Amino acid sequence: MISGATLLERADALAAITETPPALTRSYLTPEHRRASELVLGWMREAGMSAALDPAGNCAGRYEGTKPGLPCLMLGSHLDTVRDAGKYDGILGVLAAIACVEALNRAGERLPFAIEVLGFGDEEGVRFGGTLIGSRAVAGDFDPALLELRDAAGVSLAEAYRAFGLDPARIPALARKRGDLLAYVELHIEQGPRLESEGLPVGVVTAIAGFTRLQVEIAGTAGHAGTVPMAGRRDALAAAAECVLAVERRGSAAGLVATVGKIEAAPGAINVIPGTCRFTVDMRSADDALRESAVAALTDDFRAIAARRGVEIAIRGTQSSKAATCAPWLMDQIGAAIEAEGIRQFRLMSGAGHDGMAMTRIADIGMLFVRCARGISHNPAEAITAADAEIGARALLRFIRAFKPKGEPR
Ligand SMILES: [Zn+2]
(Lines give C-alpha, C1' and ligand atoms only; values in the text may rest on other atoms or scores of the structure.)
Protein backbone atom coordinates (compact mmCIF):
# COMPACT_ATOMS: atom_id res chain seq x y z
CA MET A 1 0.00 0.00 0.00
CA ILE A 2 2.65 2.49 1.03
CA SER A 3 5.19 3.13 -1.70
CA GLY A 4 8.69 4.34 -0.88
CA ALA A 5 9.10 5.36 -4.52
CA THR A 6 6.05 7.64 -4.26
CA LEU A 7 7.41 9.20 -1.07
CA LEU A 8 10.68 10.03 -2.84
CA GLU A 9 8.87 11.31 -5.94
CA ARG A 10 6.82 13.64 -3.79
CA ALA A 11 9.98 14.83 -2.02
CA ASP A 12 11.45 15.55 -5.47
CA ALA A 13 8.34 17.49 -6.47
CA LEU A 14 8.64 19.63 -3.33
CA ALA A 15 12.38 20.10 -3.84
CA ALA A 16 11.63 21.63 -7.23
CA ILE A 17 9.85 24.48 -5.43
CA THR A 18 12.78 26.63 -4.37
CA GLU A 19 13.85 30.24 -3.98
CA THR A 20 17.40 29.46 -5.18
CA PRO A 21 17.28 27.00 -8.11
CA PRO A 22 18.90 24.60 -8.62
CA ALA A 23 19.70 24.61 -4.87
CA LEU A 24 16.81 24.02 -2.46
CA THR A 25 15.84 26.87 -0.16
CA ARG A 26 12.28 27.28 0.95
CA SER A 27 11.64 29.65 3.79
CA TYR A 28 8.62 30.79 5.71
CA LEU A 29 5.81 32.81 4.09
CA THR A 30 7.44 33.04 0.66
CA PRO A 31 5.75 32.36 -2.70
CA GLU A 32 7.59 29.01 -2.64
CA HIS A 33 6.08 28.22 0.76
CA ARG A 34 2.67 28.89 -0.78
CA ARG A 35 3.29 26.68 -3.82
CA ALA A 36 4.63 23.85 -1.67
CA SER A 37 1.63 24.20 0.64
CA GLU A 38 -0.80 23.94 -2.27
CA LEU A 39 0.86 20.71 -3.36
CA VAL A 40 0.79 19.27 0.16
CA LEU A 41 -2.81 20.34 0.82
CA GLY A 42 -3.80 18.64 -2.44
CA TRP A 43 -2.12 15.40 -1.34
CA MET A 44 -3.85 15.65 2.03
CA ARG A 45 -7.26 16.00 0.37
CA GLU A 46 -6.54 13.12 -2.01
CA ALA A 47 -5.71 11.05 1.06
CA GLY A 48 -9.18 11.70 2.48
CA MET A 49 -8.42 14.58 4.82
CA SER A 50 -10.03 17.95 5.15
CA ALA A 51 -7.09 20.31 4.77
CA ALA A 52 -6.31 24.02 4.86
CA LEU A 53 -3.58 26.48 5.72
CA ASP A 54 -3.93 27.56 9.34
CA PRO A 55 -3.35 31.18 10.44
CA ALA A 56 0.35 30.46 11.12
CA GLY A 57 0.87 29.15 7.57
CA ASN A 58 0.96 25.48 8.55
CA CYS A 59 -0.65 22.87 6.31
CA ALA A 60 -3.22 21.26 8.58
CA GLY A 61 -5.11 18.12 7.56
CA ARG A 62 -7.62 16.11 9.54
CA TYR A 63 -8.94 12.60 9.07
CA GLU A 64 -11.93 11.94 11.27
CA GLY A 65 -12.23 8.80 13.35
CA THR A 66 -15.25 6.55 13.78
CA LYS A 67 -17.28 9.67 14.56
CA PRO A 68 -16.54 13.34 13.97
CA GLY A 69 -14.83 15.47 16.58
CA LEU A 70 -12.85 12.79 18.43
CA PRO A 71 -9.53 13.75 20.07
CA CYS A 72 -6.65 13.40 17.67
CA LEU A 73 -3.34 11.71 17.30
CA MET A 74 -1.23 14.44 15.70
CA LEU A 75 1.48 13.56 13.20
CA GLY A 76 3.74 16.11 11.63
CA SER A 77 7.01 17.70 10.73
CA HIS A 78 8.11 20.78 8.82
CA LEU A 79 7.98 21.90 5.19
CA ASP A 80 10.55 24.71 5.34
CA THR A 81 14.23 24.12 4.67
CA VAL A 82 17.61 25.59 5.46
CA ARG A 83 19.56 27.28 2.65
CA ASP A 84 20.97 24.84 0.10
CA ALA A 85 19.07 22.08 1.84
CA GLY A 86 18.47 18.39 1.34
CA LYS A 87 15.11 17.08 0.21
CA TYR A 88 14.05 15.03 3.20
CA ASP A 89 14.68 16.94 6.44
CA GLY A 90 11.16 17.57 7.76
CA ILE A 91 9.50 16.86 4.42
CA LEU A 92 9.70 13.09 4.78
CA GLY A 93 7.75 13.15 8.03
CA VAL A 94 4.88 15.07 6.45
CA LEU A 95 4.81 12.84 3.37
CA ALA A 96 4.94 9.64 5.41
CA ALA A 97 2.06 10.81 7.62
CA ILE A 98 -0.04 11.64 4.54
CA ALA A 99 0.78 8.22 3.06
CA CYS A 100 -0.43 6.54 6.25
CA VAL A 101 -3.76 8.35 6.16
CA GLU A 102 -4.07 7.56 2.47
CA ALA A 103 -3.63 3.85 3.25
CA LEU A 104 -6.28 3.97 5.97
CA ASN A 105 -8.68 5.86 3.71
CA ARG A 106 -8.21 3.46 0.82
CA ALA A 107 -8.95 0.56 3.14
CA GLY A 108 -12.01 2.40 4.43
CA GLU A 109 -10.63 2.30 7.97
CA ARG A 110 -11.74 4.72 10.64
CA LEU A 111 -10.06 4.59 14.02
CA PRO A 112 -11.41 5.39 17.47
CA PHE A 113 -9.56 8.73 17.27
CA ALA A 114 -8.96 11.37 14.62
CA ILE A 115 -5.62 11.86 12.90
CA GLU A 116 -4.28 15.30 12.20
CA VAL A 117 -1.28 15.85 9.96
CA LEU A 118 0.64 19.11 10.32
CA GLY A 119 3.17 20.38 7.82
CA PHE A 120 4.72 23.18 9.86
CA GLY A 121 5.62 26.30 7.90
CA ASP A 122 8.63 27.30 9.98
CA GLU A 123 10.92 25.05 11.95
CA GLU A 124 14.36 26.07 10.74
CA GLY A 125 13.97 29.79 11.39
CA VAL A 126 15.92 30.74 8.25
CA ARG A 127 13.95 33.84 7.29
CA PHE A 128 13.10 35.47 10.62
CA GLY A 129 15.52 33.84 13.04
CA GLY A 130 12.85 32.59 15.47
CA THR A 131 12.78 28.82 15.16
CA LEU A 132 9.76 26.50 15.48
CA ILE A 133 7.31 29.32 14.77
CA GLY A 134 4.80 26.91 13.19
CA SER A 135 4.73 24.33 15.96
CA ARG A 136 4.97 26.94 18.71
CA ALA A 137 1.79 28.54 17.34
CA VAL A 138 -0.03 25.19 17.54
CA ALA A 139 1.40 24.55 21.01
CA GLY A 140 0.21 27.93 22.29
CA ASP A 141 3.73 29.28 22.69
CA PHE A 142 3.62 31.97 20.02
CA ASP A 143 5.04 35.13 21.53
CA PRO A 144 3.47 38.24 19.89
CA ALA A 145 6.92 39.87 20.15
CA LEU A 146 7.93 37.54 17.30
CA LEU A 147 5.77 39.66 14.97
CA GLU A 148 8.45 42.37 15.16
CA LEU A 149 11.18 40.06 13.84
CA ARG A 150 12.45 41.22 10.46
CA ASP A 151 13.94 39.31 7.57
CA ALA A 152 17.07 40.39 5.68
CA ALA A 153 14.97 42.70 3.47
CA GLY A 154 13.46 44.45 6.50
CA VAL A 155 10.02 42.83 6.20
CA SER A 156 8.50 42.14 9.60
CA LEU A 157 6.88 38.82 10.42
CA ALA A 158 3.54 40.63 10.85
CA GLU A 159 3.87 42.15 7.36
CA ALA A 160 4.85 38.78 5.90
CA TYR A 161 1.73 37.15 7.34
CA ARG A 162 -0.48 39.81 5.79
CA ALA A 163 1.30 39.57 2.43
CA PHE A 164 0.68 35.82 2.58
CA GLY A 165 -3.03 36.45 3.16
CA LEU A 166 -2.94 35.49 6.84
CA ASP A 167 -4.12 37.51 9.81
CA PRO A 168 -1.59 37.25 12.66
CA ALA A 169 -4.32 38.28 15.12
CA ARG A 170 -5.82 34.83 14.55
CA ILE A 171 -2.68 32.94 15.60
CA PRO A 172 -3.40 32.80 19.35
CA ALA A 173 -6.69 31.00 18.60
CA LEU A 174 -4.68 28.20 16.98
CA ALA A 175 -3.28 27.15 20.33
CA ARG A 176 -4.23 23.66 21.36
CA LYS A 177 -4.56 22.81 25.01
CA ARG A 178 -2.99 19.92 26.86
CA GLY A 179 -5.49 17.10 26.57
CA ASP A 180 -6.68 18.11 23.06
CA LEU A 181 -4.10 15.78 21.56
CA LEU A 182 -3.70 12.10 22.43
CA ALA A 183 -0.05 12.41 21.39
CA TYR A 184 2.26 14.08 18.88
CA VAL A 185 4.36 11.71 16.79
CA GLU A 186 6.95 12.69 14.20
CA LEU A 187 8.92 10.68 11.68
CA HIS A 188 12.16 12.38 10.64
CA ILE A 189 15.45 11.48 8.99
CA GLU A 190 18.11 10.80 11.60
CA GLN A 191 20.60 13.51 10.50
CA GLY A 192 23.31 11.42 12.14
CA PRO A 193 25.16 8.18 11.39
CA ARG A 194 24.02 5.84 14.16
CA LEU A 195 21.29 3.87 12.35
CA GLU A 196 23.63 3.40 9.41
CA SER A 197 26.36 2.04 11.64
CA GLU A 198 23.83 -0.28 13.32
CA GLY A 199 22.65 -1.47 9.90
CA LEU A 200 19.07 -0.49 10.71
CA PRO A 201 16.54 1.41 8.56
CA VAL A 202 14.59 2.91 11.47
CA GLY A 203 14.96 3.64 15.17
CA VAL A 204 13.02 4.94 18.17
CA VAL A 205 14.00 8.37 19.50
CA THR A 206 14.38 8.68 23.28
CA ALA A 207 14.81 12.43 23.62
CA ILE A 208 15.66 15.59 21.76
CA ALA A 209 18.82 17.04 23.26
CA GLY A 210 18.71 20.26 25.19
CA PHE A 211 21.40 22.81 24.39
CA THR A 212 23.35 25.72 25.77
CA ARG A 213 24.92 28.30 23.47
CA LEU A 214 27.64 30.67 24.60
CA GLN A 215 29.34 33.63 22.99
CA VAL A 216 32.85 34.10 24.35
CA GLU A 217 35.06 37.10 23.84
CA ILE A 218 38.74 37.18 24.81
CA ALA A 219 40.70 40.41 24.96
CA GLY A 220 44.49 40.29 24.97
CA THR A 221 47.04 42.67 23.53
CA ALA A 222 47.75 43.02 19.83
CA GLY A 223 51.36 43.51 18.87
CA HIS A 224 54.02 43.02 16.23
CA ALA A 225 54.49 39.35 15.37
CA GLY A 226 58.22 39.94 14.90
CA THR A 227 59.21 42.14 17.80
CA VAL A 228 57.15 41.08 20.84
CA PRO A 229 58.91 38.21 22.66
CA MET A 230 56.94 35.00 23.14
CA ALA A 231 57.21 35.23 26.91
CA GLY A 232 54.63 37.67 28.24
CA ARG A 233 52.47 37.81 25.14
CA ARG A 234 48.71 38.17 25.70
CA ASP A 235 47.62 36.36 22.54
CA ALA A 236 43.83 36.21 22.43
CA LEU A 237 43.70 33.54 19.75
CA ALA A 238 46.16 31.24 21.50
CA ALA A 239 44.01 31.52 24.64
CA ALA A 240 40.91 30.76 22.57
CA ALA A 241 42.68 27.72 21.10
CA GLU A 242 43.12 26.32 24.61
CA CYS A 243 39.45 27.03 25.27
CA VAL A 244 38.45 25.15 22.10
CA LEU A 245 40.35 22.10 23.35
CA ALA A 246 38.60 22.41 26.71
CA VAL A 247 35.25 22.38 24.86
CA GLU A 248 36.30 19.23 23.04
CA ARG A 249 37.44 17.59 26.30
CA ARG A 250 34.25 18.45 28.24
CA GLY A 251 32.07 17.49 25.29
CA SER A 252 33.73 14.07 25.08
CA ALA A 253 32.17 12.93 28.36
CA ALA A 254 29.42 10.34 27.98
CA GLY A 255 26.03 11.85 27.13
CA LEU A 256 27.40 15.16 25.87
CA VAL A 257 28.51 16.78 22.63
CA ALA A 258 30.10 20.21 22.34
CA THR A 259 31.30 22.29 19.43
CA VAL A 260 33.02 25.57 18.70
CA GLY A 261 31.44 26.34 15.32
CA LYS A 262 32.58 29.87 14.77
CA ILE A 263 35.75 31.75 15.67
CA GLU A 264 37.08 35.13 14.61
CA ALA A 265 40.34 36.79 15.56
CA ALA A 266 41.13 40.47 15.19
CA PRO A 267 42.81 42.37 13.77
CA GLY A 268 43.34 39.31 11.58
CA ALA A 269 46.68 39.96 9.90
CA ILE A 270 49.50 37.52 9.32
CA ASN A 271 52.06 39.65 11.13
CA VAL A 272 49.97 40.80 14.11
CA ILE A 273 49.42 39.02 17.44
CA PRO A 274 45.64 38.68 17.78
CA GLY A 275 44.34 41.24 20.26
CA THR A 276 40.79 39.93 20.48
CA CYS A 277 39.05 36.70 19.67
CA ARG A 278 35.40 35.71 19.72
CA PHE A 279 34.00 32.24 19.47
CA THR A 280 30.77 30.34 20.01
CA VAL A 281 30.06 27.20 22.04
CA ASP A 282 27.18 24.82 21.43
CA MET A 283 26.80 22.08 24.04
CA ARG A 284 24.02 19.47 23.93
CA SER A 285 22.72 16.61 26.01
CA ALA A 286 19.51 14.71 26.62
CA ASP A 287 20.27 15.15 30.34
CA ASP A 288 19.70 18.74 31.44
CA ALA A 289 21.54 18.38 34.78
CA LEU A 290 24.57 16.86 33.06
CA ARG A 291 24.60 19.67 30.49
CA GLU A 292 24.28 22.38 33.13
CA SER A 293 27.11 20.98 35.22
CA ALA A 294 29.31 20.58 32.13
CA VAL A 295 28.64 24.18 31.11
CA ALA A 296 29.59 25.32 34.62
CA ALA A 297 32.80 23.27 34.54
CA LEU A 298 33.64 24.60 31.08
CA THR A 299 33.13 28.17 32.24
CA ASP A 300 35.59 27.49 35.08
CA ASP A 301 38.07 26.07 32.54
CA PHE A 302 37.76 29.22 30.43
CA ARG A 303 38.35 31.51 33.41
CA ALA A 304 41.38 29.49 34.53
CA ILE A 305 42.89 29.60 31.04
CA ALA A 306 42.29 33.36 30.81
CA ALA A 307 43.80 34.00 34.26
CA ARG A 308 46.92 31.95 33.50
CA ARG A 309 47.42 33.80 30.21
CA GLY A 310 46.60 37.24 31.56
CA VAL A 311 43.76 37.91 29.12
CA GLU A 312 40.26 39.21 29.80
CA ILE A 313 37.34 36.89 29.10
CA ALA A 314 33.61 37.60 28.78
CA ILE A 315 31.22 34.64 28.59
CA ARG A 316 27.63 35.23 27.64
CA GLY A 317 24.84 32.65 27.37
CA THR A 318 22.96 33.42 24.15
CA GLN A 319 20.38 30.66 24.00
CA SER A 320 19.42 27.53 25.83
CA SER A 321 16.73 24.93 25.66
CA LYS A 322 15.80 22.05 27.89
CA ALA A 323 15.85 18.52 26.54
CA ALA A 324 12.50 17.19 25.29
CA THR A 325 11.99 13.65 26.47
CA CYS A 326 9.96 11.24 24.39
CA ALA A 327 7.21 9.55 26.40
CA PRO A 328 8.10 5.96 27.37
CA TRP A 329 4.58 4.72 26.54
CA LEU A 330 4.96 6.11 23.00
CA MET A 331 8.51 4.74 22.65
CA ASP A 332 7.12 1.31 23.56
CA GLN A 333 4.33 1.50 20.98
CA ILE A 334 6.65 2.82 18.25
CA GLY A 335 9.20 0.13 19.15
CA ALA A 336 6.53 -2.57 18.94
CA ALA A 337 5.49 -1.33 15.48
CA ILE A 338 9.12 -1.47 14.32
CA GLU A 339 9.53 -5.00 15.67
CA ALA A 340 6.32 -6.03 13.93
CA GLU A 341 8.06 -4.97 10.69
CA GLY A 342 10.72 -7.56 11.55
CA ILE A 343 13.31 -4.97 12.56
CA ARG A 344 15.34 -4.91 15.73
CA GLN A 345 14.27 -2.11 18.02
CA PHE A 346 17.05 0.42 18.53
CA ARG A 347 16.74 3.55 20.63
CA LEU A 348 18.75 6.71 20.09
CA MET A 349 18.82 10.34 21.09
CA SER A 350 18.30 13.23 18.69
CA GLY A 351 21.11 15.73 18.74
CA ALA A 352 19.16 18.01 16.39
CA GLY A 353 16.10 20.05 17.37
CA HIS A 354 12.63 19.20 16.09
CA ASP A 355 9.04 20.46 16.21
CA GLY A 356 8.39 17.95 18.99
CA MET A 357 10.30 20.28 21.34
CA ALA A 358 7.49 22.81 20.98
CA MET A 359 4.79 20.16 21.15
CA THR A 360 5.91 18.84 24.57
CA ARG A 361 4.14 21.90 25.96
CA ILE A 362 0.75 20.36 25.13
CA ALA A 363 1.26 16.65 24.51
CA ASP A 364 3.41 13.60 25.08
CA ILE A 365 5.68 13.19 22.08
CA GLY A 366 7.20 10.25 20.23
CA MET A 367 9.57 10.15 17.25
CA LEU A 368 10.94 7.62 14.86
CA PHE A 369 14.04 8.15 12.78
CA VAL A 370 14.78 6.91 9.28
CA ARG A 371 18.38 6.17 8.32
CA CYS A 372 20.09 8.72 6.11
CA ALA A 373 23.27 8.19 4.14
CA ARG A 374 26.44 8.95 6.12
CA GLY A 375 24.40 10.97 8.57
CA ILE A 376 24.53 13.98 6.26
CA SER A 377 21.77 16.60 6.43
CA HIS A 378 21.30 20.34 5.98
CA ASN A 379 23.17 19.66 2.77
CA PRO A 380 22.07 18.83 -0.81
CA ALA A 381 23.89 15.50 -0.39
CA GLU A 382 21.21 14.40 2.09
CA ALA A 383 20.07 10.95 0.90
CA ILE A 384 17.72 8.16 1.90
CA THR A 385 16.58 5.05 0.06
CA ALA A 386 13.04 4.38 -1.13
CA ALA A 387 13.17 1.10 0.80
CA ASP A 388 14.00 2.86 4.08
CA ALA A 389 11.36 5.53 3.51
CA GLU A 390 8.82 2.77 2.91
CA ILE A 391 9.80 0.85 6.06
CA GLY A 392 9.58 4.03 8.10
CA ALA A 393 6.12 4.89 6.78
CA ARG A 394 4.96 1.29 7.21
CA ALA A 395 6.14 1.26 10.82
CA LEU A 396 4.31 4.56 11.36
CA LEU A 397 1.13 3.07 9.87
CA ARG A 398 1.42 0.01 12.13
CA PHE A 399 1.90 2.29 15.08
CA ILE A 400 -1.22 4.30 14.14
CA ARG A 401 -3.38 1.21 13.65
CA ALA A 402 -2.33 -0.24 17.01
CA PHE A 403 -2.25 3.10 18.82
CA LYS A 404 -3.68 3.06 22.33
CA PRO A 405 -3.91 6.39 24.15
CA LYS A 406 -2.01 6.62 27.41
CA GLY A 407 -3.61 4.59 30.17
CA GLU A 408 -5.73 2.42 27.87
CA PRO A 409 -4.89 -1.29 27.94
CA ARG A 410 -2.94 -2.40 24.90
ZN1 LIG B 1 14.00 18.85 10.48
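Leaving aside neighbours within four places in sequence, I400 is in contact (heavy atoms within 4.5 Å) with L73, L75, C100, L104, L111, F113 and I115. The model is predicted, so that local features need pLDDT of at least 70 and side-chain atom pairs count only at pLDDT 80 or more, while totals for chains, interfaces and linings use all residues. Residues are numbered from 1 along each chain as its sequence is written, and side-chain values use heavy atoms, with hydrogens and water left out.

**Nonpolar cores**
- I400 is, with I115, M359, L396 and F399, among the residues that touch the most other members of the largest nonpolar core, which has 90 residues; such a core is a set of buried Ala, Val, Leu, Ile, Met, Phe, Trp, Tyr and Cys residues joined through side-chain atoms within 4.5 Å.
- Helix 3 (residues 91-106) supplies the largest share of this core, 12 residues, helices (H or I, at least four residues) and strands (E, at least two) being DSSP runs numbered from the N terminus.
- Another core, of 23 residues, lies apart from it and includes V216, A239, F279 and V311.

**Zinc site**
- The protein donors of the zinc ion, 1.9 to 2.2 Å from it, are H78 (NE2), D89 (OD) and H188 (NE2), where donors are N, O and S atoms within 2.8 Å of the metal (3.2 Å for Na, K and Ca) and sites may look incomplete because water is not among the atoms.
- H78 in strand 3 (residues 72-78) and H188 in strand 5 (residues 181-189) are 110 residues apart and link distant parts of the chain.
- H78 counts as buried at 0% relative accessibility, and H188 is buried with a relative accessible area of 0%, the term meaning under 20% relative accessible area (1.4 Å probe, protein chains only).

Technical notes. Buried < 20%, exposed > 50% of the residue type's maximum accessible area, 1.4 Å probe, protein only.
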